[in-house]
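I opened a new notebook page for this chain. The entries below are in the order in which I looked things up.

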Amino acid sequence: MKTEIKKRIEDTTQDVVAKRRQEAERLRQEKKDQEEMVELYRQQEKLKNTSLKQVIRNTEKEAEEKRRKDFAQKKAIARNNLEEKVLRENQRRMLHEQQVSKMEQEELELIQRLQNTQ
């Protein structure tokens with residue numbers, strides 16, 4: 001009877017120890033799994049942030065390129081407008097000079113006619 005009780009106590013003690021070991025192993029594995037999940041989450045966040053930074057850089061680069069293009073286009077339009085204005089002014093000046101020259105020629109002819117009549 002005593003041996004039976006000792007045997008039961010031993011068996012129970014061994015069962016308790018085995019269960020504790022199993023529980024400790026389960027907890028270690030659970031902790032390891034959680035750490036792996038946290039590391040995976042961190043890597044995903046880092047990748048997401050890297051991608052987001054690249055999108056922002058690309059957007060900024062596109063905006064800068066658009067500003068440069070718009071500036072160049074405005075500059076070209078202003079240059080064309082100025083060239084057209086200069087051309088119009090030159091044409092107006094040449095027309096005026098032609099008119100003045102024609103009037104001077106007419107004046108000379110009139111003066112000659114007047115001198116010839118005297």
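The entries go from the whole chain to single contacts.

**Entry 1: ground rules.** I noted that this is a predicted model, in which local features need pLDDT of at least 70, side-chain atom pairs count only at pLDDT 80 or more, and totals for chains, interfaces and linings use all residues. Residues are numbered from 1 along each chain as its sequence is written, and side-chain values use heavy atoms, with hydrogens and water left out.

**Entry 2: fold.** I looked up the secondary structure and found one helix and zero strands. Helices (H or I, at least four residues) and strands (E, at least two) are DSSP runs, numbered from the N terminus. I then looked up the spread of the chain: its radius of gyration is 50 Å, well over the 13 Å that the globule rule gives for 118 residues, so the chain is more spread out than a compact globule. The radius is taken over C-alpha atoms, and the globule rule is 2.2 Å times the number of residues to the power 0.38. Along the principal axes, the C-alpha atoms fill a box of roughly 170 × 10 × 5 Å. Helix α1 covers residues 2-117.

**Entry 3: surface.** How much of the chain is buried? I found that buried residues make up 0% of the 118 residues. Buried means under 20% relative accessible area, exposed over 50%, and partly exposed in between (1.4 Å probe, protein chains only). The chain exposes about 12100 Å², and carbon and sulfur atoms supply 54% of that. These areas come from the Shrake-Rupley method with a 1.4 Å probe; for residues, only the protein chains shown count as cover.

**Entry 4: charges.** I looked up the charged side chains and found 30 positive and 25 negative, the centres of the two sets lying 6 Å apart. Lys and Arg count as positive and Asp and Glu as negative, while His and the chain ends are not counted. A charge is placed at NZ of Lys, CZ of Arg, CG of Asp or CD of Glu.

**Entry 5: salt bridges.** I used this rule: a side-chain nitrogen of Lys or Arg within 4 Å of a carboxyl oxygen of Asp or Glu. The count comes to 10 salt bridges.

- Arginine 26 and glutamate 30 meet at 2.9 Å, N to O. They are four residues apart in helix α1, about one helical turn. Arginine 26 is partly exposed at 40%, and glutamate 30 is partly exposed at 36%. Glu23, Arg26 and Glu30 are linked in a network of salt bridges.
- Arginine 68 and glutamate 64 meet at 3.5 Å, N to O. Both lie in helix α1, four residues apart. Arginine 68 is exposed at 51%, whereas glutamate 64 is partly exposed at 30%.
- Glutamate 89 pairs with arginine 92, the closest N and O atoms being 2.8 Å apart. These two are three residues apart in helix α1, about one turn. Glutamate 89 is partly exposed at 37%, and arginine 92 is exposed at 55%.

**Entry 6: a nonpolar patch.** Which residues form a nonpolar patch on the surface? I found Met1, Ile5 and Ile9, with about 360 Å² of accessible area together. Patches are made of residues with over 30% relative accessible area and no salt bridge; like charges are joined within 9 Å, and nonpolar side chains (Val, Leu, Ile, Met, Phe, Trp, Tyr) within 5 Å. Isoleucine 9 is in helix α1.
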